[in-house]
Amino acid sequence: ISCQLFLYHTTFTFSIATETELVWRGNKMRLDEFNIGDTIAISFTGAVQETYPGHIQDVVRVQLLDDEK
């Protein structure tokens, strides 16, 4: 088993598909519950385009990391 951890602290663009999981503390969220400036974690299976801003492909999960909502 191999594992890779990527930490990015920069600007990215990404698209949300109908099947993309949106969660906070294990609870499902709606896209309109996210705000500009929220701290998020993005799980993806695709590539990251090396442009600026970078573009993340095939996003499967967006998790809100903020303590309060």
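**An all-strand chain and its pairings**

Buried residues make up 17% of the 69 residues in the chain. The model is a predicted one, and its accessible surface comes to about 5700 Å², with carbon and sulfur atoms contributing 51% of that area. Of the contacts with a separation of 6 or more, 61% are between residues 24 or more positions apart.

The pairings of the strands may be taken in turn. Strands of a sheet pair through backbone hydrogen bonds, in either a parallel or an antiparallel sense. An open sheet is formed by 3 strands in the order 1-6-5, with mixed pairing. Strand 1 (12-14) and strand 5 (48-49) stand at the edges of this sheet; each has a single partner strand, and therefore one side of each is left without a neighbour in the sheet. Strand 1 runs parallel to strand 6 (residues 54-56), and 3 bridges join the two. Within strand 6, isoleucine 56 is the residue that stands opposite phenylalanine 14.

Strand 2 (residues 21-24) and strand 7 (residues 59-64) are parallel and share 4 bridges. Here leucine 22 has valine 62 of strand 7 as its bridge partner. Strand 2 is also joined to strand 3 (residues 27-28), in this case by 2 bridges and in the antiparallel sense. Tryptophan 24 is bridged to asparagine 27 in strand 3. Strands 2 and 3 form a hairpin with 2 residues between the strands, and in this hairpin arginine 25 takes a positive phi near 55°.

The loop between strand 1 and strand 2 contains threonine 20. Is this residue, threonine 20, buried or exposed? Threonine 20 counts as buried because its relative accessibility is 8%, and the cut-off for a buried residue is under 20%. Two sets of neighbours can be described for this position. The side chain of threonine 20 reaches the backbone nitrogen of alanine 17 at 2.9 Å. When neighbours within four places in sequence are left aside, threonine 20 is in contact with Val59, Val60, Arg61 and Val62. Val62 in this list is also the bridge partner of leucine 22, and strand 7, which pairs with strand 2, spans residues 59-64.

Notes. Residues are numbered from 1 along each chain as its sequence is written. This is a predicted model: local features need pLDDT of at least 70, side-chain atom pairs count only at pLDDT 80 or more; totals for chains, interfaces and linings use all residues. Side-chain values use heavy atoms; hydrogens and water are left out. Buried means under 20% relative accessible area, exposed over 50%, partly exposed in between (1.4 Å probe, protein chains only). Contact means heavy atoms within 4.5 Å. Accessible areas come from the Shrake-Rupley method with a 1.4 Å probe; for residues, only the protein chains shown count as cover. Two strands pair if DSSP finds at least two bridges between them. A polar contact is a pair of N or O atoms within 3.5 Å; within protein, one must be able to donate a hydrogen and the other to accept it, and residues adjacent in sequence count only if both atoms are side-chain atoms.
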